[in-house]
Amino acid sequence: MGKGPGFYSEIGKKTKDLLTKDYTYDQKFTVSTATSTGLNFVTTGLKKGEVFAADISTNFKRNNITADVKIDSKSNILATVTVDEFTAGAKSIFSFTIPDTKSGKVEVQYSHDHVGVTGSIGLTPNPVVDVTAAIGSEGLVIGGEVGYDTATGRLTKYNAGVGFTKPDFSTAVTLLDRCDTVKASYIHLINPASRTQVAAEVAHKFSKNENTFTVGGLYELDRLTTVKGRLNNHGKMATLIQHEWRPKSLVTISGEVDTKALDKSAKIGLALALKP
């Protein structure tokens, strides 16, 4: 794929990842293995409250074609076939779920020096069509997305955003929820040696006249251990510690407490990812 400005979904993604990625308040166990022929297997178990769910997925790549198949504990089969660089800068993705006959979808992604475009359409008689576009250069990106339901003739979504990125910081402003929410985000790399980063996100929902403010940070204790934390204006404080005890094998412990209701139990989660 070409370098370009990336895709619309990447606007504000760095801040979102720091504030939300890897936080979990359930128990999750993942094992990844690979064969000598290039076939990869990932087995996942998740305990959420009293409910336990599991799935197994396999991945195989040959030349520019990648096939992914996942089977979950409810006997659903999700299959995805990706063809990379079928023409310069373009990728196509075909996905479907069995037994859901209405789940088929085809997506095309195109990336060039100053533009990134995606388009997807459901494989049904009256499909939903989604299109995103991003244009930019030298760190400045402007983009938007539109969803259209051919069955009802209505727009299912229309959002827009602008982002600016430099090596040590990134900032973005986006309009979400069909322009009902405006969100501004910022992330700053303070110390490259320890990967120390701080991030902030402010959102305002017009229909409810409601504001949400979240701040967070990341600090690398050593090259194998990372600590993250966040706090929002509703008093929810969360933290996690992640340790890579062997290459690509991670253990993550997360916790969240409501500082406005300390009499309530804190949420604790554990995620263990093994790659023998």
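Is Glu220 buried or exposed, and at what relative accessibility? Glu220 counts as buried, at 16% relative accessibility. Please keep in mind that this is a predicted model. Here are some points to look at with the structure open.

1. **Glu220 and its partner.** Glu220 forms a salt bridge with Arg195, and the closest N and O atoms are 2.8 Å apart. This pair links distant parts of the chain: Arg195 sits in the loop between E13 and E14, while Glu220 belongs to strand E15 (residues 210-222), 25 residues apart.

2. **Thr196, the next stop.** Thr196 lies in strand E14, which covers residues 196-205. With a relative accessible area of 17%, Thr196 is buried, because the cut-off for that class is under 20%. The Thr196 side chain makes a polar contact with the side chain of Ser194, at 2.5 Å. If you set aside neighbours within four places in sequence, Thr196 touches His188, Leu189, Ile190, Asn191, Leu218 and Tyr219.

3. Which residue forms a salt bridge with Glu201? The partner is Lys183, with the closest N and O atoms 4.0 Å apart. Here too the pair links distant parts of the chain, with Glu201 in strand E14 and Lys183 in strand E13 (residues 181-191), 18 residues apart. Glu201 counts as buried at 17% relative accessibility, whereas Lys183 is partly exposed with a relative accessible area of 25%.

4. **A bridge within a helix.** The side chains of Lys13 and Asp17 meet in a salt bridge, 2.7 Å from N to O. Both residues lie in helix H1 (residues 13-20), and they are 4 residues apart, about one turn of the helix. Lys13 counts as partly exposed at 40% relative accessibility, and Asp17 is partly exposed too, with a relative accessible area of 23%.

5. **The salt bridges as a set.** How many salt bridges does the structure hold? There are 9 salt bridges. Side chains of opposite charge can pair when their charged atoms come close. Salt bridges that share partners also join Asp130, Glu145 and Lys157 into one network.

6. **Aromatic pairs.** The structure holds 3 aromatic pairs. One of them is formed by Phe94 and Phe96, a tilted pair with 5.4 Å centre to centre and 40 degrees between the planes. Phe94 is partly exposed, with a relative accessible area of 31%, and Phe96 is partly exposed with 26%. Another tilted pair joins Phe164 and Phe169, at 6.0 Å centre to centre with 50 degrees between the planes. In this pair, Phe164 is partly exposed with a relative accessible area of 28%, and Phe169 counts as partly exposed at 23% relative accessibility.

7. **A charge over a ring.** Have a look at Tyr23 as well. The charged end of Arg230 sits over the Tyr23 ring, 4.2 Å from the ring centre.

8. **A cis peptide bond.** Most residues other than glycine have a negative phi, and most peptide bonds are trans. The peptide bond from Ile98 to Pro99 is cis, with omega near 15 degrees. Pro99 is placed in the loop between strand E6 (90-98) and strand E7 (105-111).

9. **Positive phi values.** Glu85 is not a glycine, yet has a positive phi of about 55 degrees. Glu85 is placed in the loop between strand E5 (77-84) and E6, and counts as partly exposed at 35% relative accessibility. Where is Asp177 found? Asp177 is in the loop between strand E12 (169-176) and E13. The phi of Asp177 is near 50 degrees, a positive value in a residue other than glycine. Asp177 is partly exposed, with a relative accessible area of 45%.

Note on methods. Residues are numbered from 1 along each chain as its sequence is written. This is a predicted model: local features need pLDDT of at least 70, side-chain atom pairs count only at pLDDT 80 or more; totals for chains, interfaces and linings use all residues. Side-chain values use heavy atoms; hydrogens and water are left out. Helices (H or I, at least four residues) and strands (E, at least two) are DSSP runs, numbered from the N terminus. Buried means under 20% relative accessible area, exposed over 50%, partly exposed in between (1.4 Å probe, protein chains only). A polar contact is a pair of N or O atoms within 3.5 Å; within protein, one must be able to donate a hydrogen and the other to accept it, and residues adjacent in sequence count only if both atoms are side-chain atoms. Contact means heavy atoms within 4.5 Å. Rings of Phe, Tyr and Trp (its six-membered ring) pair if their centres lie within 6.5 Å; planes under 30 degrees apart count as stacked, over 60 as edge-to-face and the rest as tilted. A charge sits over a ring if NZ of Lys or CZ of Arg is within 6 Å of the ring centre and within 35 degrees of the ring normal.
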